[in-house]
Amino acid sequence: MPDRTDLVYAYDGSFEGLMCCVFESYTLKEVPSDIRPPNVSQQSLFDTEKWIKSDDHKSDRVFNSIPSKISHQAQELVKLGFLTCVPNKELLIYRFLRLGFKHGSKVMTMLTDDTVCALQKAVHHLTSESHKFKGFVRFSIFGEVLVAVIEPKNFVLPLLSRHFCDRFLNETFMIYDKTHSMALIYRSQKTELIFVDELTLPKVDATEIAYRRLWKQFYNTIAIEGRNNPRCRRTLMPKRYWGQLTEFNHSDQLYESDEPLQGLVAETSADVMSTSIGWLNIKEGVE
Amino acid sequence: MLKIDIYDKLTILSDSAKYDVACTSSGVDRSGKLGTIGSAAKSGICHSFSADGRCISLLKVLLTNVCIFNCKYCINRESNDIVRAAFTPLELAELTINFYRRNYIEGLFLSSGVIISPNNTVEQMIKTLELLRNVYHFGSYIHVKAIPGADNSLITRLGLLADRMSINIELPSQESLKLLAPNKTKESILRPMGLISSTIQENKSDLVKFRHASKFVPAGQSTQLIVGATPDTDHKILTLTEALYKKYSLKRVFFSAYMPVAEHSLLPSLDIKPPLMREHRLYQADWLLRFYGFEAKELLDEQHPNFNLEVDPKCNWALNHLDQFPIEINKAPYEVLLRVPGIGVTSAKRILIARRSGSIDFLGLKKLGIVLKRAQYFITCKGKILEGLKITSDGALSTLMSNQYKLPSQGPQQLSLFQEPPITREDVQQCLTGQI
């Protein structure tokens, strides 16, 4: 295939769109030097941007061929790879798929290859961050609704969904991802991922404040002064997580608005990720 | 006892419980059920880390810090003049559920001082756990302490409500126990431990026969040993640890560097620092026993009863067995890879996977996540040692040593036109083993 260094694909930012880029590249026998999501301005003066339209049929063909041409694990890796925050994840996934279509299932053992290594590293970052958030999510209770705000680097909500829905089977809860403006909502045993631009929370009640105080007190008491080790703590729980952790919040009146919660979340947008790929049933690890 | 509110109770009873090390929530996988709250994850989940860098996974509290025992090392001993408090089962259940709903914790760690009698204490603990499990339908992790001296039937009932049970041995020898914990004997600790391990075994075969038999301590049992309160050596502690894993099939043995909380002629004085490095070395050795296929006798013996604080146990072993190195990365079996300093369980497995699609060189090793800084002295790739690697005694030593024990640097040096004379492996071995 000719490697046109000036060829750049632009796509709509969806997983299906990326699969269509792979389709396009194989049908036209051309290799893009970059694949750009929307809202990224043209970086080079001389490249030609080519818009790739999303097409469910094409994307399904590419996606469904992965298990048979490469392996199921590779399919999982690609899915997870799309949720990571690594710069140029599109190009990485594209290159991984090219390697995979060439070498077959062997690609999963090529750990010393730059592309495979980089993709696995990115996915490891994603899965370890999502594991951390299983512990670091802090709910506040408003009436009967549990609400948490997180600021992850990777898009971890799909990975957290199964864990929290299983754990709080009879509850109604929402986890709001501030970084990606998305929210995971669980009510009456149903899960949704929706866009939420902004979230303003109502005032917390006295019970909530009382339990926050108790938790803070427990947190401070349980440490043994003679073993104080701030460096160890920062390694295991970097400071970027602290902002949303109850134990580090010094004011108990965090949320000022008096508006009811329901109105703000209600029907913000359609269920954007309920496609055939089934993000909410995603597995957490790649063997 | 004064009337005090829940806030003060929590403060007093978590303060008294904090010297217990175990806070893991691992070992059992249980999904949520309709009508219940909670699930358990096999790997365990840390919910926070306290200022001392320890994981907070469970709400670790005592049911009460009233105690009729007088163990000299313990902050809750009868003769100590501190404020005493006790949770009612309802208070503790409410607290647990409310912390759990806010995802502060993964479950409950319930211990207790001995109030009135061991049996009475266990009965109160059972009451609390029954309330949590049967009324609040709490389906998540519970770690409970068995009280030495309680009846077998009570211990069994307690175990059916919990996921993990533990009895702290604390002192690694009968003599130390006699001296510092006059109300406890080796027998009173080992009997319930044996009971738990045999009940776990029976329960496993019951579960095969009757699918709905209730599970007894599904996440196994653990224990804790205090390091540095008595003159017991690392060798003694590690041999005991190994025996506990083998004989009682314990899931974990925890070590706790002795924090001086009490003044007594038989104890180290109050101003000594806790032997944190020694505790760290013991944990490293514990890992070697559990995951790396080492045996206690390979790591320590009568002549070398204590760990080197400067070099970790695996490095120490490797330096004393240089005749077994270097090993070839592309050929060595898993068990041998695991013995190389700088290669752990994950990276050894990754090497095995990567080897299937081609041979590995040093650059590849770096990508696999191997700590070359340590491993370089012990391996070859495709028959060659790392290019440019100079095995000098100072260099090898300082990279293998922990940071705080670094050799003093010799300051800037004039570059020499002539290379240092090459040093043979034997020289290094002599130098390293002799000096350390």
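Predicted model: local features only at pLDDT ≥ 70, side-chain atom pairs only at ≥ 80, totals over all residues.
I'm counting two residues as in contact if their C-beta atoms, placed from the backbone, lie within 7 Å.

**Core.** I started with Leu158(B). Leaving out residues up to four places away in sequence, I found that Leu158(B) touches Val122(B), Met125(B), Ile126(B), Val144(B) and Ala146(B). I then looked up the largest nonpolar core, which has 176 residues. Leu158(B) is one of the residues there that touch the most other members, along with Cys21(A), Ile93(A) and Ile175(A).

**Chain A against chain B.** Next I checked what each chain puts into the contact: 40 residues come from chain A and 42 residues from chain B. On the chain A side, I listed the elements giving two or more residues: helices H5 (114–136), H6 (157–167), H7 (206–222) and H8 (230–236). H7(A) gives the largest share of that side, 9 residues. I also sorted the chain A side by class and got 22 nonpolar, 9 polar and 9 charged residues.

**Domains of chain A.** The domain assignment gives me domain 1 (7–127) and domain 2 (206–248). I have their C-alpha centres 40 Å apart.

**A helix pair in chain B.** Last, I looked at H7 (residues 234–247) and H8 (residues 276–291) of chain B, whose axes come within 11 Å and cross at roughly 35 degrees. The crossing of H7(B) past H8(B) is right-handed. From H7(B), I noted Asp234(B), Ile237(B), Leu238(B), Thr241(B), Glu242(B) and Tyr245(B); they meet Leu282(B), Ala285(B), Asp286(B) and Leu289(B) of H8(B). By class, I get 6 nonpolar, 1 polar and 3 charged residues in this helix contact.

Methods: Residues numbered from 1 in each chain as written. Chains lettered and ligands numbered in written order. Core = buried A, V, L, I, M, F, W, Y, C linked by C-beta atoms within 7 Å. Buried ≥ 20, exposed ≤ 12 C-beta atoms within 10 Å, placed from the backbone. Helix = DSSP H or I, 4+ residues; strand = E, 2+ residues; numbered from the N terminus. Nonpolar A, V, L, I, M, F, W, Y, C, P; charged D, E, K, R; others polar. Domains from an automatic or database assignment. Axes fitted to C-alpha atoms, helices over the stretch in contact; angles between N-to-C directions. Left-handed = near helix turned anticlockwise from the far one by under 90°.
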